[in-house]
Amino acid sequence: MPHDTPLIATLVGAFVLAFVLGAIAQRLKLSPLVGYLLAGVLVGPFTPGFVADEHLALELAEIGVILLMFGVGLHFSLSDLLSVRAIAIPGAVVQIAVATLMGMGLAWAMGWGLGAGIVFGIALSVASTVVLLRALQERRMVESEQGRIAVGWLIVEDLAMVLALVLLPALSGALGGRTVTTGTIDWLGLGGDVWTTLAVTLVKVAGFVVLMLVVGRRVIPWIMHWVAHIGSRELFRLAVLAIALGVAFGSAKLFGVSFALGAFFAGMVLSESPLSHRAAEETLPLRDAFAVLFFVSVGMLVDPSIVVKSPVPLLVTVLIVLFGKSIAAFLIVRAFGYGNSTAFTISASLAQIGEFSFILVALGVDLQLLPSEGRDLILAAAIISILANPFFFLVLDRYRARHAPLRPEKAAAPVPAPQPIPELPVTALANHTVLVGYGRVGRLVADGLKAAGTPFLVIEDQGDRLEELKRLGLEAVNANAASAPAIAAANLAGARRIILAIPDGFEASNVLKRARQLNPGIEIVARAHSDAEVEHLRQSGADFIIMGEREVARGMLAHVLETSQNDIAAAAAAEQAVPGGNQAGPPLAPDAAQVADSASGVATAASVEPGPNQRGLAEPAAAAQKETL
């Protein structure tokens, strides 16, 4: 079998270079998207060296688009959008219109047609949700009012882009591009004019939406619940992928809508199910992998010579992205009565372009609406804007640090202005227990600590879990446990122990090392799922490590040996009760006791891994359980 097949070569080249350059970008505190795009440039046809198969890369990228849009649908929250609808909806619509007009102006100056100008302008108007969420999460702003406005703003932009992807093929002929006729129009014998095409497209989209909302929202969650009850994780993961890819492909074939719209609605329908979080977790690795291929395939389309061929148009394009639409957003937010801090936050959030822009320009070029130069300008501007966006947030951080404590913002209009985000309050607890993570294991540990009357607090950054902790009256720190503010707020320096209940042992080690440096005498309890995690946690300084699989084995072994002990004792009693039995032989009960002792020792050794700082933790389980957490 040949080992230089185009598919394997494309996958290997894309993944290896994306990993290397993405890691370098992350190390430089930039978005990994920059590394993925540059990896595409290096394996593209415009640079020397290895050239990946462009057609295969684009087909693989289609899977990336489907999974990417499916993930957007899974995280789509109508309630979050409605909570900020007064500013997010009109603000985003006006900002899209202003940015589109600026892009159309540049397109007109370069001699492009109306259709090219519209596609070019719309592509400039939408920001990257991936880049924005990362910036907000680093600053603990996702749950703040400013964060909700920014996210709601981008949701409106995403919905507008979905609508553009649906309508653009129908309007392509009228805008000077390739005329797209559907099989439905030919089958009905209708004319191919723009109004007929648009009407048929809208009817088919409406039919698809109704089908998904009426039938899909009942059938898809039912399928997922049925698969979940089977108990096979592999089948559950396969079901999620089958729904995402199947709905996207079926919607394109039966209703003529894009893969992106079909996948978005599949995710949105599934988001209403209680299993949506699990579905998102199960598909995340594959979604990330194909999303990387999508960004690499986009980078393959970039012609670096655009910097030399069209320096002035590129400069103007970058200025529109970084300053044009940001200034427009600032003025819009201020016009709605919000203060400078909120306006600057929205402006910094929009100072980049990303995934939807790539999808739109690819469609524009395919429809012969947008020249290849326009695609190159968009892609080059995307790389530059994603590189520059962190600096906008650094300026925002300095502004908020300088002005927020002295002059809290007040809204000029009746709309209440968001206050600056306060620092995390430091707990009043001392000699207490810090529980990191409030998932399935964390809940059980918290219940036990509460029942025992042990003073403790929880570090958690998931909104739904924080709400549950609030309802239960438990003290919680809303932050990532590895961050310095979280460690300070939890008073790890004065804590007695820390329990790492998060499932990823390698991630837990980051918190573990910080805790050990700050408080050398703190007792550290951690969980692991593999021997590698156990060894990693031990080397990082954990005192007490419990491996879940070994704990299960311990319970099974203890039950079996306890049953054997009872059987042996019963047999001994029966033998002694039989007249003329062997009374001279050794008694069986002591052997049974030895078996039980052996079971206890084996069980304890199987479930507990002593760390380098552990003191007497490898003793029998009965002794270890005397100490109350």
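## Exercises on a predicted model

Ten of the twelve residues in helix α6 are buried, so this helix is largely enclosed by the rest of the structure. Keep in mind that the model is predicted. Let's work through it together.

**Exercise 1.** Work out what span helix α6 should have, and compare it with the model.

*Solution.* 
- Step 1: Helix α6 covers residues 114-125, which makes twelve residues.
- Step 2: The expected span is 1.5 Å times one less than the number of residues, so α6 should span 16 Å.
- Step 3: The end C-alpha atoms of α6 are 17 Å apart, which agrees.

**Exercise 2.** Find out which residues of α6 are buried.

*Solution.* 
- Step 1: Use the cut-off: buried means under 20% relative accessible area.
- Step 2: Look along the helix for residues that pass; among them are Gly-115, Val-119, Phe-120, Ile-122 and Leu-124.

**Exercise 3.** Are Glu-523 and Arg-497 buried or exposed, and where do they lie?

*Solution.* 
- Step 1: Their side chains meet in a salt bridge, 3.4 Å from N to O.
- Step 2: Glu-523 belongs to strand β5 (residues 523-528) and Arg-497 to strand β4 (residues 497-500), so that the pair links distant parts of the chain, 26 residues apart.
- Step 3: Glu-523 has a relative accessible area of 13%, so it is buried.
- Step 4: Arg-497 is buried as well, at 0%.

**Exercise 4.** Locate the partners in the salt bridge between Arg-516 and Asp-543.

*Solution.* 
- Step 1: The N to O distance of this bridge is 3.1 Å.
- Step 2: Arg-516 is in helix α22 (residues 505-518), while Asp-543 is in the loop between α23 (531-540) and β6 (544-547), so the bridge ties together parts 27 residues apart in sequence.
- Step 3: Both Arg-516 and Asp-543 are buried.

Definitions and conventions
Residues numbered from 1 in each chain as written. Predicted model: local features only at pLDDT ≥ 70, side-chain atom pairs only at ≥ 80, totals over all residues. Heavy atoms only, no water. Salt bridge = Lys/Arg side-chain N within 4 Å of Asp/Glu carboxyl O. Helix = DSSP H or I, 4+ residues; strand = E, 2+ residues; numbered from the N terminus. Buried < 20%, exposed > 50% of the residue type's maximum accessible area, 1.4 Å probe, protein only.
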